[in-house]
Amino acid sequence: QVQLVESGGGSVQPGGSLRLTCAASGTFFSINAMGWYRQAPGMQRELVATITDGGITKYTDSVKGRFTISRDNAKNTVYLQMTSLKPEDTAVYYCKAQVVFEGYRSQFQYWGQGTLVTVSE
């Protein structure tokens with residue numbers, strides 16, 4: 001079984017910063033892409049940023065220049081550094097990992113439990 005545990009959420013004023021961390025644990029062969037998604041109240045879950053195991057990143061337009069995704073493959077951990085936060089960034093943030101198990105060609109998708117980020121005065 002694979003577990004993804006997120007941390008780092010909280011409340012911050014507009015213009016502030018937060019750093020989210022997601023650590024994967026369990027027995028698996030490797031992790032391909034990892035990513036962060038978010039879901040605001042009454043909205044669908046949306047992609048925020050992804051990063052491949054080779055370090056190629058992708059961001060949704062609304063966070064480009066403000067958020068930075070990174071990962072430590074040795075620790076099976078992905079980070080999301082968020083700066084210049086805006087009230088519209090308020091959401092539950094989820095991490096996702098594409099996990100490969102030894103003996104399987106396919107990758108399996110796992111989600112974390114989510115961490116709440118609130119941006120308000």
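Visitor: How far apart are the closest N and O atoms in the salt bridge that D61 forms with K64?
Guide: A salt bridge is a side-chain nitrogen of Lys or Arg within 4 Å of a carboxyl oxygen of Asp or Glu. Side chains of opposite charge can pair when their charged atoms come close. For D61 and K64, the distance between the closest N and O atoms is 2.9 Å.

Visitor: What kind of model is this?
Guide: Residues are numbered from 1 along each chain as its sequence is written, and side-chain values use heavy atoms, with hydrogens and water left out. Local features need pLDDT of at least 70, side-chain atom pairs count only at pLDDT 80 or more, and totals for chains, interfaces and linings use all residues, as this is a predicted model.

Visitor: Is D61 buried or exposed?
Guide: Buried means under 20% relative accessible area, exposed over 50%, and partly exposed in between (1.4 Å probe, protein chains only). K64, with a relative accessible area of 48%, is partly exposed. D61 has a relative accessible area of 60%, so this residue is exposed.

Visitor: How many residues apart in sequence are the parts that D89 and R66 tie together?
Guide: The side chains of D89 and R66 meet in a salt bridge, 2.8 Å from N to O. Strands are DSSP runs of E, at least two residues long, numbered from the N terminus. D89 lies in the loop between β8 and β9, and R66 in the loop between β6 (57-59) and β7, so the parts they tie together are apart in sequence by 23 residues.

Visitor: Which residues are linked with R38 in a network of salt bridges?
Guide: R38 forms a salt bridge with E46, the closest N and O atoms being 2.7 Å apart. R38 is buried at 6% relative accessible area, whereas E46 is partly exposed at 33%. The network links R38 with E46, R66 and D89.

Visitor: Which residue's backbone oxygen lies 2.9 Å from a polar atom of the side chain of T77?
Guide: T77 lies in strand β8 (residues 77-82) and counts as buried, at 5% relative accessibility. A polar contact is a pair of N or O atoms within 3.5 Å; within protein, one must be able to donate a hydrogen and the other to accept it, and residues adjacent in sequence count only if both atoms are side-chain atoms. The backbone oxygen at 2.9 Å from the T77 side chain belongs to K75.

Visitor: Near what value is the phi of N76?
Guide: N76 lies in the loop between β7 (67-72) and β8. At 24% relative accessible area, N76 is partly exposed. Its phi is positive, in a residue other than glycine, and lies near 50 degrees.

Visitor: What is the angle between the planes of Y104 and F108?
Guide: Rings of Phe, Tyr and Trp (its six-membered ring) pair if their centres lie within 6.5 Å; planes under 30 degrees apart count as stacked, over 60 as edge-to-face and the rest as tilted. A search of the whole structure finds four aromatic pairs. One of them is F101 and Y110, edge-to-face because their planes are at 70 degrees, with centres 6.3 Å apart. Y104 and F108 are also edge-to-face, 5.8 Å centre to centre, and the angle between their planes is 85 degrees.

Visitor: The charged end of which residue sits over the ring of Y94?
Guide: A charge sits over a ring if NZ of Lys or CZ of Arg is within 6 Å of the ring centre and within 35 degrees of the ring normal. R19 lies over the face of Y79, at 4.2 Å from the ring centre. Over the ring of Y94, 3.7 Å from its centre, sits the charged end of R45.

Conventions: Helices (H or I, at least four residues) and strands (E, at least two) are DSSP runs, numbered from the N terminus.
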